[in-house]
Structures are given as structure tokens and as C-alpha cells.
Amino acid sequence: MEDSNEIVLFGNSNFTKLVYYYFTHDSHYEVMAFTVDKEYITGKEYSGLPIVPFEEIELLYPPDHFKMFIALGYTSLNKLRAKKYSEAKNKGYELVSYINSSVIRWENLKIGDNCLIFENQILQPYVTIGNDTIIWGGGAISHDSIIGDHCFIASNVVVLGNVRVEPYCFLGANATIKEGITVARACVIGMGASVTRNTEEDGVYVGVPARLRSKIGSQDKFMT
């Protein structure tokens, strides 16, 4: 595709509005329109810009000129965002990432597409961040740690060195992950929890030190 800084944001929530503000005031990208599935459109504009059906987006804002960002939160443990991420890529869109200008990072940072990193985050050397991951502000990810695809890390989370966070995880505000720990796939780490041992897949962990409270299932859905 041609080198364009014009993008379309997927979403029409308060989170989308926040993402729009950051892209507008702290990036070289220019948001040209919003898109959501047709059934969720209630008007012709959102935040003063056109909002168009996702089913028709490639006709109105073709991927050979426009890029996209999926501006969704952690609904269904990031699975809704991941679904729209895949659908946008299948339509041919390049998905951009945003790193706030206040973030401390090093030249060997590896980061995927459709990532969002808010202000005052510290990313030490040799950190790897996968695709479609959101990291809120004020925290730190220490050296040689790997954050997987489709994760959401809330404010003031501290991830110590050589940690691996598998895909589809949610780390609540002020959580701490001990060095060398693996947070298994699709785990929920509660607000303020201190994880000192490897976790189990689909586990919900709370407390200091963190203990397994339950497993995510039909009676323990993580929705917002």
C-alpha cells in the first residue's frame, strides 16, 4: 500500500473517543473516519467525523490508501478486539500501533501491530510485545520480558524481568508479576495482585500473594 498517514478507527465507545484524542494530539496519523458493524450505527457521524459500516469500509476507505486501528477494550477477555483485528487484516488493512511520546523505551523494543501504549510507561531493553496488545500508563515492563498477542495491561502494572505473559491475558491495575514467571494463556490477574508462581491457563488470580480463585468458564465470564 502507499505510504499514508490517514487512518480509520474501529469503534464508537468512550474508549474509542479516548484513542481518537491520543492519535489526534500525539501522533503523525490523521483519523479520517470511524467504522463499526452496521447494526451498531445510530447516526452519520461520531466525534465530528463520518462513521461507516465495517461491512462496506474497504469500498469507502480502501486499504490501499487508508490504515486502521481497532479501538476496542478487553470485552470477552480481548476476544472481540482480536476478532475485529483478524477481520480487518483479512480485508487488507495495515493496522498501526501507537506509543505515547512520554514512554521510555529502547531501540531494541519489538512491538507488533495494533498495539496501544499509554503515557509514562517504562519498557526496558529486550522487551517484546506481540500484536493487538494494550498497555495502560504508569507501569513498567522489565528486561527480556515477553507480552503475548491480544493482551490488556491496566495502569501501574509492574512486570519484572524474564516474564512471559501468554496471549489473551488481562492484568489488573497495580498488579505485580515476579521475575521469571509465566502467566498462562487467558488468565485474569486481579487488581493489586502479586503473582509469585506460574499460573494455570484460564485462571482468575487475586490477592497477595496471588491465589487461584476460579477458572474462567460458563459461570465466570470476564466481560465489560
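The questions and answers below go through strands, aromatic rings, nonpolar cores and cysteines in a predicted model.

Residues are numbered from 1 along each chain as its sequence is written, and side-chain values use heavy atoms, with hydrogens and water left out. Because the model is predicted, local features need pLDDT of at least 70 and side-chain atom pairs count only at pLDDT 80 or more, while totals for chains, interfaces and linings use all residues.

Q: What makes strand S4 a partner of S2 and of S3?
A: Strands are DSSP runs of E with at least two residues, helices are runs of H or I with at least four, and both are numbered from the N terminus; two strands pair if DSSP finds at least two bridges between them. Strand S2 (residues 30–36) and S4 have three bridges in the parallel sense, with phenylalanine 34 facing its bridge partner isoleucine 51 in S4. Strand S3 (residues 45–46) and S4 have two bridges in the antiparallel sense, and there tyrosine 46 stands opposite leucine 49.

Q: Why is strand S4 described as mostly covered?
A: Buried means under 20% relative accessible area, exposed means over 50%, and partly exposed lies in between, with a 1.4 Å probe and protein chains only. Four of the five residues of S4 (residues 49–53) are buried by that rule.

Q: Why is the pair of phenylalanine 10 and phenylalanine 54 called edge-to-face?
A: Rings of Phe, Tyr and Trp (its six-membered ring) pair if their centres lie within 6.5 Å, and planes under 30 degrees apart count as stacked, over 60 as edge-to-face and the rest as tilted. A search of the whole structure finds 15 aromatic pairs. In the pair of phenylalanine 10 and phenylalanine 54 the centres are 5.1 Å apart and the planes stand at 90°, so both the pairing and the edge-to-face label follow. This pair links distant parts of the chain, with phenylalanine 10 in strand S1 (residues 6–10) and phenylalanine 54 in the loop between S4 and helix H2 (57–60), 44 residues apart. Phenylalanine 10 and phenylalanine 54 are both buried.

Q: How do you know that the charged end of lysine 91 sits over the ring of phenylalanine 54?
A: The rule asks that NZ of Lys or CZ of Arg be within 6 Å of the ring centre and within 35 degrees of the ring normal. The charged end of lysine 91 is 4.9 Å from the centre of the phenylalanine 54 ring and is listed as sitting over it.

Q: What makes lysine 84 buried, and which residues does lysine 84 contact?
A: Lysine 84, found in helix H3, has 5% relative accessibility, which is under 20%, so lysine 84 counts as buried. Contact means heavy atoms within 4.5 Å; leaving aside neighbours within four places in sequence, lysine 84 is in contact with Phe10, Asp37, Phe54, Ile70 and Leu72.

Q: What makes a set of residues a nonpolar core, and how many residues has the largest?
A: A nonpolar core is a set of buried Ala, Val, Leu, Ile, Met, Phe, Trp, Tyr and Cys residues joined through side-chain atoms within 4.5 Å. The largest has 31 residues, and those with the most contacts inside it include Leu9, Val19, Phe23 and Phe69. S1, helix H1 (14–25), S2 and S4 each supply at least two residues of this core, and the largest share, five residues, comes from H1. Apart from it lies another core of 30 residues, among them Ile135, Cys169, Ala184 and Val195.
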